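Please examine the sequence and the model displayed below.

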Amino acid sequence: MDNSKKSLNTLTFPVIPPYDACYRNNRNDFPVGPHSHNAVELYYTLSDLPDVLLNDTVSAVPAGTLIIIPPFCVHQLYHEAGKVYERYILSIHTQWLDSVFCAPQDYFSYFKESASPLLLTPNDIMRDKWMNGLNQLAAFPSTTMPEAMACFFSLLSYLEQMIKQLSPESSHHFPISSTQKRINEIIAYIQEHIYENLTVSELATHFYLHPDYLSRLFKNHTHVSVNQYIILQKIATAQSLLREGYTVAQVQETLGYSSYAYFFKTFQKTTGMSPSKYREQYLK
C-alpha cells in the first residue's frame with residue numbers, strides 16, 4: 001500500500017504536546033484524506049481551497065480565512081498532490097487546556113467537542129497580528145518554556161477578542177456550488193442514518209442518481225469513496241460513544257456491525273488503536 005492510500009485509512013491524528021504552532025509553505029506529495037484530531041485546530045489559509053470538507057459541509061474557502069476546527073470533527077482542507085499550500089496552524093490539546101482552568105468553563109466555547117467549525121475572515125490588522133503571534137510562538141524551542149506559555153495565552157486572549165468582533169453574525173458562509181450542495185445533502189443523509197447499514201445503491205436510489213455517477217461525484221469533491229466516508233463517520237461516532245462510556249460491544253451493536261471482530265478490526269485500522277484501548281484512554 002502506498003502512502004497516499006494509507007492516509008485515507010487514518011481518521012484520528014493525536015496531538016500530544018499542550019499545543020503546536022507552525023507555518024507551512026510546501027508542496028504536498030501525499031495529501032491527508034478526511035481525518036480528525038483529539039485537539040482543536042486553528043488553520044489560517046493563505047491559499048485558496050476549492051473543496052473543504054468540514055464535518056457535514058463541502059465548500060470552497062478563499063485565502064485569508066481562519067478555520068477553527070473543534071476536536072474530533074472530520075475534515076479535509078486540501079487534496080491536490082504536488083500543489084503548494086501556504087498556511088499557519090495552531091493545534092491545541094483541549095484536555096490540557098481544561099486542566100489549566102481546573103474546571104469546566106465557558107471560555108473558548110468554540111474549542112469544545114460539540115462546537116461547529118467556524119470560518120472567519122480577519123481584516124488586515126487582525127491578520128498581521130495573528131500571524132506575528134504565531135511566528136513568535138513557533139520560534140520557541142519548547143512549548144513549556146515560561147516565555148512560550150506567556151506568548152501562547154496572549155495569543156489566545158487576542159483570538160477571543162477577534163472572535164467577539166467577527167462572530168457569530170459575521171462568521172462567513174462561503175458560496176457552495178450546485179454539485180457541492182448535492183454532496184452536502186448526501187453527507188447529511190449518511191449522518192442521519194449512520195446507525196444503519198448504508199450502501200451506495202441505497203444512497204443512489206434515495207437521490208435518484210446512478211450508483212456510478214453518485215460515487216464519482218462524491219469522490220470528486222470529498223476525495224474519498226462513499227464507502228470509505230461511511231466507515232470514517234461510523235468510527236467517528238464509535239469514538240464519541242466510547243468516550244461517553246459505552247462498552248465496545250454496545251457500540252458495535254448500536255452502529256449495526258453484525259460482527260464484533262469486524263468492528264474491532266475496522267476501528268483499529270482506522271484509528272491506530274483498538275476500541276478497548278481507546279475507551280480506556282479517554283475514560284481515564
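Does A81 count as buried or exposed, and at what relative accessibility? A81 counts as exposed because its relative accessibility is 54%; exposed denotes over 50% relative accessible area, buried under 20%, and partly exposed the range in between, with a 1.4 Å probe and protein chains only. This is a predicted model, in which local features need pLDDT of at least 70 and side-chain atom pairs count only at pLDDT 80 or more, whereas totals for chains, interfaces and linings use all residues. Residues are numbered from 1 along each chain as its sequence is written, and side-chain values use heavy atoms, with hydrogens and water left out.

A81 is located in the loop between β8 and β9 (84-92); strands are DSSP runs (E, at least two residues) numbered from the N terminus. Leaving aside residues up to four places away in sequence, A81 touches N28, D29 and P31, where contact means heavy atoms within 4.5 Å. The C-alpha atoms of A81 and R27 are 7.6 Å apart, although 54 residues separate them along the chain.

Attention now turns to strand β5. Of the 6 residues of β5 (residues 49-54), 5 are buried, so the strand is largely enclosed by the rest of the structure. β5 pairs with β6 (residues 57-61) in the antiparallel sense through 4 bridges; pairing requires at least two bridges found by DSSP. Within this pair, L49 stands opposite V61 of β6. The two strands, β5 and β6, form a hairpin with 2 residues between them, and N55 in the turn has a positive phi of about 60°.

β5 is also joined to β8 (residues 75-76) by 2 bridges, in an antiparallel arrangement. Here L54 has H75 of β8 as its bridge partner.
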